[in-house]
Structures are given as C-alpha cells and as structure tokens.
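Please read the points below with the structure open beside you, and look up each place as it comes along. They are meant as a colleague's notes, to be checked one at a time.

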Amino acid sequence: MTMKDIETRDDLTFLMETFYSKALKDEQIGHFFTKVAPLNLETHIPLIVSFWESVLFDKAGYKGNVMEVHQHLHQLSPFTPAHFDCWVQIFKETVNTLFSGVNTEKILQRAESIATVMKIKLAY
C-alpha cells in the first residue's frame, strides 16, 4: 500500500497530534512537554502546525521565534545532545509511519537540520 505525501495543513495536524502523543510519553524527553513547560495541545498544535507550514510550504503565518522558545526551555531544564537525538528519532519514526513522498523527505531533512542547529546553539 502506497502512503500519501504531506500535502495539507490537515496532514500536518495529524502528524503533530501523532508525534506529540508519542513524545509526551517518552521517558527521555516527555518531561519537557509535561513538567518543564506543560503543553496545552489545543493551543500548541495549531501553532506548531503553522510553523511546519512555513517550513514545508513556505506559507506565511507562523509569528513565533522557535530559537527563543527553546532557549527559555533550556534555561529551565538544560537540553543535552541525547534529547535532540531522541526528538529526531521519534519525529522520523512518526513521519515515516504516516507519510511518504517529496514533502515527507523535505520535512525529515528540515527536522534534522533544525535539531542540529538547536543542538549546536543550546547543548554545546
């Protein structure tokens, strides 16, 4: 069975809901989402979907500063390189389970790049 590519905001919403259902429960990084800065998924999912729309589809709409948010989190509870590696692993597994195609490859590459930049700027 051929999986569809990531093509719409609804696809990204489904992806983010699935990703966070896994990340929130993860032993290594879950505490960032549940204890360090408890997420309200009703407000966070639309925000993070807008971020990925800007990254994947060059669509304007995301107004936040991802680096600033993560710098604040890092001050509350320091990130390690292993945290970023874990995030990437869960993200890739989730994406690859749900989608396949050009945009799928693009989001995987961008996620890896973003995590690498954050790892360099925050964890080292």
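1. In this predicted model, helix α3 runs over residues 41–57 and so contains 17 residues. From the first C-alpha of α3 to the last, the helix reaches 22 Å, which is close to the 24 Å expected at 1.5 Å a residue.

2. At the N-terminal end of α3 the residue to look for is N40, which caps the helix: a side-chain oxygen of N40 lies 2.9 Å from the backbone nitrogen of E42. Along the helix, the buried residues of α3 are H44, I45, I48, V49, S50, F51, W52, E53, V55 and L56.

3. The N-terminal end of α1 is capped by T8, from which a side-chain oxygen lies 3.3 Å from the backbone nitrogen of D10. Within α1, the residues D11, L12, L15, M16, T18, F19, Y20 and A23 are buried.

4. The crossing in which α1 passes α3 is right-handed. On the α1 side, the residues that meet α3 are R9, L12, T13, M16, E17 and Y20, while α3 brings L41, H44, I45, P46, I48, V49, S50, W52, E53, L56 and F57 to the meeting.

5. Helix α1 (residues 9–23) also packs with helix α5 (residues 81–98), here at an angle of about 135 degrees and with the axes 10 Å apart. Because of that angle, α1 is oblique to α5, and the crossing of these two helices is right-handed. The contacts run from F14, L15, M16, T18, F19, K22 and A23 in α1 to W87, I90, F91, T94, V95 and L98 in α5. A student may like to note M16, which is listed among the α1 residues that meet α5 and also among those that meet α3.

6. Is T104 buried or exposed? This residue, which lies in helix α6 (residues 102–123), has a relative accessible area of 1% and is buried, because that word applies under 20%. The side chain of T104 is joined to that of D5 by a polar contact of 2.8 Å. If the neighbours within four places in sequence are left aside, T104 is in contact with D5, I6, V95 and F99; V95 has already been named as one of the α5 residues that meet α1.

7. L73 is found in helix α4 and counts as buried at 14% relative accessibility. Apart from its neighbours within four places in sequence, L73 is in contact with V36, A37 and F79. Between L73 and H44 there are 29 residues of separation in sequence, and the two are 15 Å apart in space, C-alpha to C-alpha.

8. S77 sits in the loop between α4 (66–76) and α5, and at 16% relative accessibility this loop residue counts as buried. Its contacts, again leaving aside the neighbours within four places in sequence, are with H31, F32 and V36; V36 is also listed among the contacts of L73.

9. K35 has its place in helix α2 (residues 30–36) and, at 68% relative accessibility, counts as exposed. K35 and T18 are 17 residues apart in sequence, and from C-alpha to C-alpha they are 20 Å apart in space.

How values were computed: Residues are numbered from 1 along each chain as its sequence is written. This is a predicted model: local features need pLDDT of at least 70, side-chain atom pairs count only at pLDDT 80 or more; totals for chains, interfaces and linings use all residues. Side-chain values use heavy atoms; hydrogens and water are left out. Helices (H or I, at least four residues) and strands (E, at least two) are DSSP runs, numbered from the N terminus. Buried means under 20% relative accessible area, exposed over 50%, partly exposed in between (1.4 Å probe, protein chains only). A polar contact is a pair of N or O atoms within 3.5 Å; within protein, one must be able to donate a hydrogen and the other to accept it, and residues adjacent in sequence count only if both atoms are side-chain atoms. Axes are lines fitted to C-alpha atoms, for helices over the stretch in contact, and angles run from 0 to 180 degrees between N-to-C directions. Angles under 35 degrees count as roughly parallel, over 145 as roughly antiparallel, 65 to 115 as roughly perpendicular and the rest as oblique. A crossing is left-handed if the near helix is turned anticlockwise from the far one by less than a right angle, and right-handed if clockwise. Contact means heavy atoms within 4.5 Å.
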